[in-house]
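Here's a quick walk through one protein model. Take a look at it first, then read on.

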Amino acid sequence: MDIAEAARISGLPASTLRYYEEKGLIRSSGRVGLRRQFDNATLQRLGLIALGRRAGLSLDQIATMLSAEGMNIDRDLLRAQARELDRRIQELALMRDGLLHAADCNAASHFECPKFLRLLKISTRKAGTGRIGKNFKHGD
């Protein structure tokens with residue numbers, strides 16, 4: 001298939017496919033005229049790249065696992081990324097709980113709500129790290 005067809009099927013712009021080829025993530029099987037050609041295995045690699053990106057891996061990390069000979073999965077990297085995703089899930093759940101509390105709080109002003117003030121204090125303290133860190137459950 002040519003680059004336009006690969007782009008259409010993958011949902012990626014042709015410029016991204018060219019960039020991935022430049023980075024060594026995919027390889028064209030040749031050219032017909034000026035158009036790069038890709039085989040069906042390229043679509044599988046694009047799926048793996050998309051999965052890795054959604055999991056938060058960098059293109060360089062993905063490239064180390066996708067060699068010309070096939071896949072060389074770094075299981076330790078995957079475990080570390082899974083731990084990072086768990087941390088982010090917990091952080092996002094705390095943020096969700098804080099937002100729901102702020103939306104449902106019956107205080108006349110959010111600045112009169114002890115839980116909202118605690119969330120502000122935590123957010124201010126963690127602003128440099130981007131992490132919330134303390135437990136803030138909706139309904140507390």
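Predicted model: local features only at pLDDT ≥ 70, side-chain atom pairs only at ≥ 80, totals over all residues.

## Helix 5

Let's begin with helix 5, which runs over 75–104.

At the start of helix 5, D74 gets involved through its side chain: one of its oxygens comes to within 3.2 Å of the backbone nitrogen of D76. Further along, the buried residues of helix 5 are L77, Q81, E91, L94, D97, G98, H101 and A102. Part of their cover comes from helix 4 (59–65) and helix 6 (114–125).

Search the whole structure and you'll find eight salt bridges. The general idea is simple enough: side chains of opposite charge can pair when their charged atoms come close.

D97 counts as buried, because its relative accessibility is 6%, whereas R96 is partly exposed at 46%. Salt bridges with shared partners also link E84, R87 and E91 into one network.

Now over to helix 4, where L59 sits. Is L59 buried or exposed? It's buried, with a relative accessible area of 13%. Setting aside neighbours within four places in sequence, L59 is in contact with Y19, Y20, K23, L25, I49 and R53. Take L25 from that list: L59 and L25 are 34 residues apart in sequence, yet 8.2 Å apart in space, C-alpha to C-alpha.

Which residue does D60 pair with in a salt bridge? That would be K23, at 2.8 Å from N to O. D60 lies in helix 4 and K23 in the loop between helix 2 (14–22) and strand 1 (30–32), so this pair ties together parts that are 37 residues apart in sequence. K23 itself is partly exposed, with a relative accessible area of 30%. K23 also turns up among the contacts of L59.

## The segment before helix 1

D2 belongs to the segment before helix 1 (3–10). Not counting residues up to four places away in sequence, D2 touches R35, R36 and Q37. With R35 there's a polar contact between the two side chains, at 2.8 Å.

## A nonpolar patch on the surface

Last stop, the outside. L48, L51, M71, I73 and L78 form a nonpolar surface patch, and together they have about 430 Å² of accessible area. One of them, I73, lies in the loop between strand 4 (70–71) and helix 5. At 35% relative accessibility, I73 counts as partly exposed, while L77 is one of the buried residues of helix 5.

Note on methods: Residues numbered from 1 in each chain as written. Heavy atoms only, no water. Patch = residues over 30% accessible without salt bridge, like charges linked within 9 Å, V, L, I, M, F, W, Y side chains within 5 Å. Areas by Shrake-Rupley, 256 points an atom, 1.4 Å probe, with all protein chains shown as cover. Salt bridge = Lys/Arg side-chain N within 4 Å of Asp/Glu carboxyl O. Helix = DSSP H or I, 4+ residues; strand = E, 2+ residues; numbered from the N terminus. Buried < 20%, exposed > 50% of the residue type's maximum accessible area, 1.4 Å probe, protein only. Contact = heavy atoms within 4.5 Å. Polar contact = N/O pair within 3.5 Å; in protein donor to acceptor, adjacent residues only side chain to side chain.
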